[in-house]
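This report describes a pocket and a helix pair in a protein model. The sequence and structure are shown first.

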Amino acid sequence: MDDFVRVGGLAAVSAALPRALRRWSDVRVMLPGYRDILEQLTHIEIVGECGSLAEMPACSLGRAATKDGLPVYVLLCSQLYDRPGNPYGDESGRDWPDNDIRFGRFASAAAELAAGTVDKNWAADLIHANDWQAALAPAYLAWRGTKLPSILTIHNLAYQGLFPPDALRRIGAPESSFHIDGLEFYDHVSFLKGGLVYASHLTTVSATYAREITTRELGCGLEGLLQRRSNAAQLTGILNGIDESWDPSACAHLAQTFAPGDWTGKQANADYVRKQFGLALSRGPLFGLVARLVHQKGVDLVLSAADEIIEAGGQIVVTGSGEQQIEQALVAAHRRRPDAIGVTIGFNDAQARRIFAGSDFTLMPSRFEPCGLSQMYAQRFGSLPIGHQTGGLAETIQDGETGFLFSQPSAESFLGGVRRAFEAFGAKDKLDAMRRSAMARSFSWDLSAACYSALYRKTIAPSIIA
């Protein structure tokens with residue numbers, strides 16, 4: 001959750017969606033008691049205890065609230081969650097070896113909370129789990145015979161939470177669940193598959209991705225199960241939104257605020273970014289890449305296109321972190337052309353916002369992209385995205401109007417999009433019109449929240465009748 005710890009798009013969604021839903025529902029968020037969270041929540045009231053289960057230790061459940069009053073439950077178990085590093089691994093990037101216990105414990109406790117057995121003053125009408133880390137919550141409900149509706153949202157099917165078969169015993173799952181129509185996935189326990197099987201309804205973060213994951217190309221081996229759920233009208237795509245802070249006329253992090261048509265203000269941000277990254281002064285276009293530096297994001301395509309971009313008068317700035325090999329390749333490219341390629345390994349929200357504000361184009365050559373947020377941020381800040389026509393990119397970029405789409409995740413196809421961007425940059429009237437159109441886009445959470453609210457009610461309805 002962005003309020004406390006940032007781990008990609010899911011953190012942004014888990015902060016924004018519950019707030020957007022509050023007009024319709026009593027929404028409460030549950031999080032593991034990570035060190036960063038405990039340091040920021042000043043008052044946590046213990047509301048109940050969760051007993052030990054299999055190899056998962058007993059823990060306490062605390063309740064707190066964000067500054068604007070959103071209720072937050074925190075699972076308190078220092079031996080599992082109060083650690084250095086990130087939520088999933090140590091400071092060197094290695095996954096914690098007991099992640100099966102850590103997230104099995106979290107999902108089990110979430111099921112207990114939802115059922116009303118932990119906080120005696122509250123129970124849920126529906127539980128909404130996100131990704132593999134929470135995906136077993138619907139499974140624990142089913143194993144305990146608790147008839148509570150559940151929704152699982154898939155933010156990225158490629159991350160499934162796979163563990164050896166003995167994880168089944170460690171997390172207290174019944175042996176009978178380890179089969180092809182249960183948690184078993186190529187002789188591993190798949191936490192995500194558990195949610196895909198047991199949740200009442202599945203959602204993912206764009207309608208296009210909902211279709212794509214039912215295909216062999218992007219189904220990650222789960223396409224058969226997902227096709228069955230889709231055929232049963234139990235898979236829905238709901239596009240993510242972005243919060244209202246993405247307003248270039250009011251964002252406090254920018255070198256200079258600006259509005260559509262105030263291109264001197266945008267240029268001030270470009271000048272600031274070039275100076276921060278040590279780039280040469282230039283009248284050419286500035287290309288930004290703000291992303292997790294992993295194979296999925298197509299960073300190798302950016303590297304392969306770098307020479308042509310620079311020879312045509314462009315410059316590239318990159319910020320993000322991820323796979324070591326990709327990080328090293330970017331640093332090497334910067335050392336080769338420090339005047340034209342700027343790289344920061346790591347993520348800083350203020351710097352990312354200035355890159356969106358200062359860049360002319362945002363590079364998004366993702367091989368697949370369930371939703372994507374950077375293309376929305378970019379458009380709001382007048383940076384035209386160049387994206388692969390997949391997932392949420394296909395739904396949020398209006399080709400030739402607010403950005404550029406290319407058809408294949410290949411160097412040749414990507415360069416086609418880059419060349420179109422150079423052409424637009426050279427035609428100032430077209431560039432001005434595209435920037436204005438992009439900045440006029442609304443990606444408010446209100447529409448997404450309304451769709452989720454309607455789905456909640458539809459999913460709850462059969463249990464009310466029963």
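## The second largest pocket

In this predicted model, the second largest pocket holds about 1,100 Å³ of space. Its lining is made up of 44 residues. Those that lie nearest the centre of the pocket are Arg-28, Val-29, Met-30, His-128 and Asn-130.

Several helices and strands give two or more residues to this lining: α1 (9-21), β1 (29-32), α4 (99-115), β5 (127-130), α5 (131-134) and α19 (445-465). The largest share comes from α1, with seven residues. By residue class, the lining of the second largest pocket comprises 35 nonpolar, five polar and four charged residues.

## Packing of α8 and α10

Two packed helices are described by the angle between their axes and the distance between the axes. For helix α8 (residues 191-198) and helix α10 (residues 223-231), the axes come within 10 Å and the crossing angle is roughly 25°. Angles under 35 degrees count as roughly parallel, and α8 and α10 are therefore roughly parallel to each other. The crossing in which α8 passes α10 is left-handed.

## Residues at the helix contact

Which residues of α8 and α10 meet? On the α8 side they are Lys-193, Leu-196 and Val-197, and on the α10 side they are Leu-225, Leu-226 and Arg-229. The residues of this contact divide into four nonpolar and two charged, with no polar residue.

Note on methods: Residues numbered from 1 in each chain as written. Predicted model: local features only at pLDDT ≥ 70, side-chain atom pairs only at ≥ 80, totals over all residues. Heavy atoms only, no water. Axes fitted to C-alpha atoms, helices over the stretch in contact; angles between N-to-C directions. Helix = DSSP H or I, 4+ residues; strand = E, 2+ residues; numbered from the N terminus. Parallel < 35°, antiparallel > 145°, perpendicular 65-115°, else oblique. Left-handed = near helix turned anticlockwise from the far one by under 90°. Contact = heavy atoms within 4.5 Å. Nonpolar A, V, L, I, M, F, W, Y, C, P; charged D, E, K, R; others polar. 1 Å grid on protein atoms, 1.4 Å probe; cavity = no way out; pocket = protein on both sides within 12 Å on 5 of 7 lines; lining within 4 Å. Points joined across faces, edges and corners; volume = space filled by probe spheres on them.
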